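Have the model open beside you and try each task before reading its solution.

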Amino acid sequence: MNSLFITLLIAGAGGSKIAPTNPALNTLSTAAVAQRTTGPLSLFGPHMSHTPRPLGILGVKEIKAGNYKPADFEGSIARPGYTHAVAKGKVQAMAVTTALVLYDSSGTYGWIGSLYAYQIGNLLNHFGVGVTRQGIEKYKSGQLGQYTCAFYVGTQYGNPLVAAFKKDVVANTHPFCWMGYNIWEVAWNAAQTGWNNTFATNFGFEFSYLDGTGYPNVLYNGTTFTKQQNDPVQGDVAVTNASIASVLATSTNGSGTAPYITRGANLWYVADNPLEYVPTNRGDDRYLAFCDILNDVTGVKMADNKQAIIRIEDVSAICDSASLRGIADTMFALNAPYVVCVIPDYMDPLGVYNNGTPLEIQMQTSTQFVSDLQYMQSEGAQLIMHGVTHQYSNVANPVNGVSAEDVEFFRCTYDANGVEQAIGPIPTDSTSWVKQRLAKGFSMMLQSGFAAPTGWNTPHYFATPIDYKVFELDFWYSMDRVLTFATNSASNLEYIIQPSPYTFTDEYANYRLPETLGYCDPNGTSGIVNLPVNMVAYANAVKSVRGGIAGMYYHWFLGTTMLQQLVSGVQAAGFTFVNPSYTIE
């Protein structure tokens with residue numbers, strides 16, 4: 001717990017705040033005064049015994065240099081650059097709102113900062129913001145004043161900040177958000193022996209130290225969020241002037257608390273990198289609090305319609321009719337539109353489920369399957385394409401070569417923890433190969449009597465920049481999570497999955513609809529048991545995000561009981577199910 005302040009949670013009209021118990025709100029505690037007079041300040045607080053690792057490094061996956069062609073990723077690697085503002089799939093020639101996203105770019109781990117800068121830029125795209133990404137080391141005097149708002153994500157502990165940046169942060173009057181490390185270089189004096197009084201005067205809080213205690217929960221606007229403890233370190237601050245500063249989100253571990261997001265005048269401080277270690281199959285991570293405050297940092301207030309979208313996953317000609325029609329009847333009774341993710345060409349090339357005999361069922365050859373899809377359409381379903389075969393070839397990739405179980409657009413294996421790990425692109429991956437594959441899927445849909453689908457869902461979310469760019473040409477929107485790539489100092493390819501609670505257009509121009517609640521997983525095959533009750537709780541967490549969408553998926557073979565519980569529960573939480581499109585905001 002922060003030794004500079006004992007804090008008390010106070011509910012206010014503008015959200016939860018933390019105020020010191022000391023009645024003189026504008027003065028420091030006795031312990032803080034003693035530290036001021038005796039100095040120097042200690043950067044390492046509770047449970048800090050070693051130099052912190054780069055923020056987010058444990059959440060990144062790697063592809064070895066020899067397993068990919070650099071040319072295939074050219075122009076799609078996270079690095080300094082400009083991201084166009086996009087609204088409803090249309091590029092805005094001149095963004096009204098602009099943002100500068102700064103990050104640690106030097107040294108062995110500079111690539112980590114570039115990945116997260118890209119992800120922040122993607123989130124800002126939701127607000128129609130034109131984003132410029134730049135390494136902090138290249139900062140020039142006055143740049144903060146040239147943008148509507150600015151961000152700095154400090155992923156490298158102790159990265160020396162240029163003098164011009166440190167000077168501008170204190171004098172800056174535009175909205176600015178600081179995440180993670182190195183704020184002490186500005187909040188403390190030049191000798192790092194005491195506080196920077198100008199910083200405290202302007203922003204109403206002071207940086208205390210790095211805290212390794214570990215806080216598995218974050219409280220924000222009356223909602224409890226989780227934080228994975230892969231890296232428990234966060235920066236602690238103390239409010240010194242409650243008239244201009246307040247704690248918006250609070251870290252807690254049941255016995256102690258510390259500020260997580262603090263706002264002082266035009267400065268927001270987030271105590272860690274909020275996009276690191278975000279789980280893929282639970283929807284209550286503290287990154288949602290950060291996503292909500294982007295409404296305030298950008299000054300762009302987006303519509304908050306409390307919309308929900310659900311897709312029925314892995315539907316192919318192998319599915320039994322009763323299950324599909326039962327889903328249709330359930331969703332119709334609940335007055336809930338839904339998406340059916342169709343795999344046009346079912347493949348079992350090794351005969352895993354057919355007594356060793358290879359099996360292929362193209363959808364247009366199955367009159368029963370076509371009839372079932374027509375029935376689902378008549379009861380509110382929209383058909384989108386979920387890959388073409390949802391598997392690569394007659395080899396395990398990584399499971400057994402069977403549709404819906406394997407990856408289609410990337411070579412994959414399992415890591416030591418049984419998690420899918422990308423090896424590298426498909427050997428034949430190219431623009432022409434992807435176009436030919438998609439053309440095959442479109443042909444099967446058309447031969448079955450269905451219009452060409454406008455939506456897409458990448459199998460298991462693995463695809464290359466080449467693939468993403470082709471998907472964008474053929475589909476109006478995507479319902480999967482995009483991968484962001486960077487290269488490290490050894491030329492290995494690094495990647496992470498982009499989380500988002502709202503729509504955005506990614507760097508490949510794909511308009512993405514969010515998946516925020518994960519998927520129903522009663523057996524915990526993802527590592528986390530995810531039942532309807534859990535997913536409804538996640539929906540309530542998403543309600544804390546202005547513009548947040550409750551996005552989820554459900555496998556066709558799970559029956560209708562849990563589906564009814566899930567959909568009705570999300571509706572009871574205040575969400576309305578809608579058909580996806582590129583106009584959803």
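Keep in mind that this model is predicted.

**Exercise 1.** Find which residues Asp292 is in contact with, leaving aside its neighbours within four places in sequence.

*Solution.* Start with the contacts: Tyr220, Asn221, Ser544, Val545 and Arg546. Then check its cover: the relative accessible area of Asp292 is 2%, and buried means under 20%, so Asp292 is buried. Finally, look at Arg546 again: its backbone nitrogen is 2.8 Å from a polar atom of the Asp292 side chain.

**Exercise 2.** Work out what the side chain of Asp104 reaches, given that Asp104 has no salt bridge.

*Solution.* First locate Asp104 in the loop between strand S7 (98–103) and helix H3 (110–125). Asp104 is buried, and the nearest side chain of opposite charge, Lys166, is 12 Å away. Now turn to polar partners. The Asp104 side chain makes a polar contact with the side chain of Tyr152 at 2.6 Å, and it reaches the backbone nitrogen of Thr155 at 3.0 Å. Beyond four places in sequence, the contacts of Asp104 also include Gly110, Glu137, Asn159 and Asn182.

**Exercise 3.** Decide whether Tyr353 is buried or exposed, and find the patch it belongs to.

*Solution.* Tyr353 is in the loop between strand S20 (345–348) and strand S21 (359–362). Its relative accessibility is 52%, and exposed means over 50%, so Tyr353 counts as exposed. Together with Leu350 and Val352, Tyr353 forms a nonpolar surface patch with about 290 Å² of accessible area.

Key
Residues are numbered from 1 along each chain as its sequence is written. This is a predicted model: local features need pLDDT of at least 70, side-chain atom pairs count only at pLDDT 80 or more; totals for chains, interfaces and linings use all residues. Side-chain values use heavy atoms; hydrogens and water are left out. Patches are made of residues with over 30% relative accessible area and no salt bridge: like charges are joined within 9 Å, nonpolar side chains (Val, Leu, Ile, Met, Phe, Trp, Tyr) within 5 Å. Accessible areas come from the Shrake-Rupley method with a 1.4 Å probe; for residues, only the protein chains shown count as cover. A salt bridge is a side-chain nitrogen of Lys or Arg within 4 Å of a carboxyl oxygen of Asp or Glu. Helices (H or I, at least four residues) and strands (E, at least two) are DSSP runs, numbered from the N terminus. Buried means under 20% relative accessible area, exposed over 50%, partly exposed in between (1.4 Å probe, protein chains only). Lys and Arg count as positive and Asp and Glu as negative; His and the chain ends are not counted. A polar contact is a pair of N or O atoms within 3.5 Å; within protein, one must be able to donate a hydrogen and the other to accept it, and residues adjacent in sequence count only if both atoms are side-chain atoms. Contact means heavy atoms within 4.5 Å.
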